[in-house]
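Good morning, and thank you for the time. I would like to take you through one structure, moving from individual residues to the chain as a whole.

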Amino acid sequence: MNINITFPDGTDHSYQTGITSSEIAKQISPGLFKKSVAAKFNDQPVDLNAPLLKDGSLEILTVDTADGLHVLWHSTAHIMAHAVKALYPEAQFGVGPAIENGFYYDIDIDSKLSQDDLQRIEDEMQRIIKRGSSFVRKELTKKEAVDFFAGQQQDKYKLELLADMEDGSPSIYSEGDFTDLCRGPHIPSSNMIKAFKLLSIAGAYWRGDEKNKMLQRIYGISFPKKAQLDEYLFCLEEAKKRDHKKLGKELDLFSFHREGPGFVFWHPKGMRLYRTIETYLVDKLTQYGYGEVKTPIILNDALWKKSGHWDNYKENMYFVDIDEESYAIKPMNCPGSCLIYNSNMHSYRDLPLRLAEFGNVHRHERSGVLNGLFRVRQFTQDDAHIFCTPDQIQDEVKACIDFVQEVYKDFQFYEYHIELSTRPDKSIGSDEIWQQAEDALRDALINKNINYKLNPGDGAFYGPKIDYHVRDSLKRSWQLGTIQLDFSMPEKFELEYVGSDGNKHRPVMIHRAIFGSIERFIAQLIEHHGGRLPVWLSPIQAVVLPLSEEQLAYSHAVFSKLKDAGLHVEMDARNEKIGYKIREAELGKIPYMLIMGKKEVENKQISVRTNKDGDLGSMEIDALIDKMNYEIQQKA
RNA sequence: GCCACCUUAGCUCAGAUGGCAGAGCGGCUCACUCGUAAUGAGCAGGUCGCCGGUUCGAUUCCGGCAGGUGGCUCCA
């Protein structure tokens with residue numbers, strides 16, 4: 001009996017029934033065989049040594065592919081669990097998946113793991129790998145699996161996983177004397193792992209629920225070649241150099257102080273960057289038909305009770321007493337906007353009404369979540385509330401999408417992903433309203449032909465949202481822009497407009513932010529550019545560097561001329577060697593260094609060095625101003 | 001909030017089984033007037049995060065707290 005196997009390149013071939021992917025790989029080429037870790041049969045991941053019993057498509061997964069690496073990582077997680085079990089026989093295990101970069105395993109043991117223990121676990125893993133045992137799959141009935149994890153290898157977490165498992169035939173993998181509940185697939189033999197490293201230990205709640213026990217999670221990474229591990233670790237180090245917390249200090253942009261954990265102190269240079277961004281957006285707001293508003297930071301409790309924040313957001317809010325009445329410091333700007341809306345009568349002809357606000361909000365975030373500018377307790381949202389009629393929703397959401405993406409392009413953010421978040425557990429509004437709102441956002445995305453990830457249950461309490469996520473230097477994803485639909489707030493604040501029929505109608509509210517928070521956005525900008533901001537964003541765009549005192553007068557003249565041209569320019573008149581001043585300017589990541597020597601004074605020129613291209617030679621002052629203005633205008 | 005780790009000069013970091021605290025950079029002073037990533041010399045700078053405990057003596061050991069970092073949970 002033969003089966004027919006189709007390959008990814010479209011060719012097909014007949015093989016004897018029961019042949020394994022491994023044997024097929026060997027026949028195709030020894031190179032492929034050597035690099036293969038698993039296979040996909042009819043798009044289902046399978047082990048290399050699984051017999052193929054029917055016709056189907058086959059893709060051999062090698063360690064050169066992301067899927068293949070994931071298999072290697074997952075197998076390394078097993079080896080790690082094996083090592084932990086050998087060192088701590090009482091250990092019980094949660095889950096141990098491959099993740100975007102590497103793997104982890106959640107472990108329940110009584111003793112606290114330390115860095116030294118990681119070393120011991122690594123050593124044990126090394127021994128296990130050297131033995132080169134193979135991963136053997138076995139399919140069991142659910143009862144057999146339960147018996148195994150209740151008896152021979154006691155593990156309450158695996159039992160819990162089994163209890164929730166719907167399909168009736170769990171599989172286990174044995175590697176040496178260690179067996180784990182696992183769907184697979186796995187690498188054929190542990191000795192394919194040529195290089196690995198355990199990176200960190202962290203606490204993690206069982207099943208991600210903070211009501212559950214906290215397990216110890218070990219993160220690690222592995223590769224089929226030592227060089228790849230070295231490169232990965234090198235990249236990690238490089239990424240740390242781009243950390244905005246480090247660069248923010250080095251470039252003197254902002255600071256944090258014990259006196260206000262989670263509250264940013266902006267320094268002059270950081271503030272310039274902040275203002276540049278703000279000013280940029282103010283211009284765009286006009287283009288996109290927004291009016292700008294400003295609402296108070298402290299507002300009476302009654303307002304927050306009315307808006308639903310009291311019931312849904314209280315634990316994140318700060319409160320103050322004024323004249324024996326209780327007030328809250330705003331965590332969001334929407335109620336304020338609603339008050340503005342309600343201070344006038346509105347006709348359908350006024351809509352959409354777009355009110356933008358650089359809203360200064362305070363949120364009491366739990367201490368453990370604070371993280372540089374990414375997660376603070378006080379931040380400025382580039383917020384806006386669009387009040388519109390139901391049939392204007394589509395166009396308005398689409399316009400918001402265009403706006404967000406235009407802005408990201410100007411800041412050279414090209415790598416982001418979009419999520420559509422739906423109704424959370426804690427929410428206000430009827431099912432119908434939520435359905436309508438979710439459909440509206442989905443339709444806008446589909447209409448714009450935008451790929452998005454569905455994020456069920458992650459919407460705001462008042463409505464679903466479209467979010468823009470960007471990764472930081474350590475690959476953590478942060479939400480920046482957001483477009484949220486809200487049918488509830490208009491209800492609560494009894495917002496109305498007079499329609500063409502002369503009757504009163506309820507408008508719909510769209511909350512939207514592009515940067516999300518200016519603080520977080522700046523953090524992303526710094527990391528994205530590694531601190532080397534484009535000229536238009538640089539707090540200092542050029543520095544004048546006289547070679548000696550003889551060039552001071554000319555240098556001052558040049559400095560004034562650039563300043564008058566509207567450029568952010570500084571003068572380094574210190575009595576230091578030119579190499580020293582250049583070094584300082586380079587470390588300060590100043591884009592233009594203007595060196596003034598005898599020659600330049602005689603020729604009325606400027607010797608230009610950029611931090612991007614090095615020494616550019618001499619040019620006229622006006623040529624330099626034109627060049628810089630062009631780059632600023634191009635946002636290059 | 002939870003888990004682990006960290007906290008020594010403005011910054012980056014050494015340090016001692018518990019006995020008067022160290023470097024480089026930066027700052028200040030002086031000399032040097034210099035051509036594309038660090039000129040030299042001198043001086044100043046510390047309650048060793050805070051509060052307790054053990055001890056003749058604690059920056060060092062123990063406990064608590066605060067702040068930070070990496071995760072978890074939560075979120076822009």
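**Contacts of a helix residue**

Setting aside residues up to four places away in sequence, I121 touches M80, A83, V84, L87, L113, L198 and I218, where contact means heavy atoms within 4.5 Å. This is a predicted model, in which local features need pLDDT of at least 70, side-chain atom pairs count only at pLDDT 80 or more, and totals for chains, interfaces and linings use all residues. Residues are numbered from 1 along each chain as its sequence is written, chains are lettered from A and ligands numbered from 1 in the order in which they are written, and side-chain values use heavy atoms, with hydrogens and water left out.

I121 belongs to helix α4, residues 115-131; helices (H or I, at least four residues) and strands (E, at least two) are DSSP runs, numbered from the N terminus. With a relative accessibility of 0%, I121 counts as buried. Buried means under 20% relative accessible area, exposed over 50%, and partly exposed in between, with a 1.4 Å probe and protein chains only. One of the contacts of I121 deserves a separate mention: M80 is 41 residues away in sequence, yet the two C-alpha atoms are 7.2 Å apart in space.

Q153 lies in the loop between α5 (142-150) and α6 (156-164). Its relative accessible area is 12%, so Q153 is buried. Neighbours within four places aside, Q153 is in contact with K85, F148, F178 and T179.

I turn now to helix α9, residues 268-287. The expected span of a helix is 1.5 Å times one less than its number of residues.

Which residues of α9 are buried? They are G270, L273, Y274, T276, I277, E278, Y280, L281, K284 and L285. What covers them includes the strands β15 (264-266), β20 (353-362), β21 (378-388) and β28 (508-513), together with the helices α13 (393-410) and α16 (518-529).

Two packed helices are described by the angle between their axes and the distance between the axes. For α9 and α13, the axes come within 12 Å and cross at roughly 145°. Axes here are lines fitted to C-alpha atoms, for helices over the stretch in contact, and angles run from 0 to 180 degrees between N-to-C directions. The crossing of α9 and α13 is right-handed; a crossing is left-handed if the near helix is turned anticlockwise from the far one by less than a right angle, and right-handed if clockwise. On the α9 side, Y280, L281, K284, L285 and Q287 meet F403, E406, V407 and D410 of α13. Just after α9, G289 takes a positive phi of about 75°.

**Aromatic rings**

The structure holds 29 aromatic pairs. In one of them, the rings of F461 and Y462 have centres 5.2 Å apart and planes at 75°, so the pair is edge-to-face. Rings of Phe, Tyr and Trp (its six-membered ring) pair if their centres lie within 6.5 Å; planes under 30 degrees apart count as stacked, over 60 as edge-to-face and the rest as tilted. F461 and Y462 are both buried.

Charges also lie over rings. K635 lies over the face of W536, 4.9 Å from the ring centre, and the charged end of R217 sits over the ring of Y104 at 3.7 Å from its centre. The criterion is that NZ of Lys or CZ of Arg is within 6 Å of the ring centre and within 35 degrees of the ring normal.

**Backbone details in loops**

G184 and P185 are joined by a cis peptide bond with omega about -5°, and P185 lies in the loop between β11 (178-181) and β12 (195-205). The bond from L351 to P352 is also cis, with omega near 0°; P352 is in the loop between α12 (334-342) and β20.

D252, although not a glycine, has a positive phi of about 60°. D252 is partly exposed, at 35% relative accessible area.

**The chain as a whole**

Chain A has 20 helices and 33 strands. Of its 636 residues, 50% count as buried.
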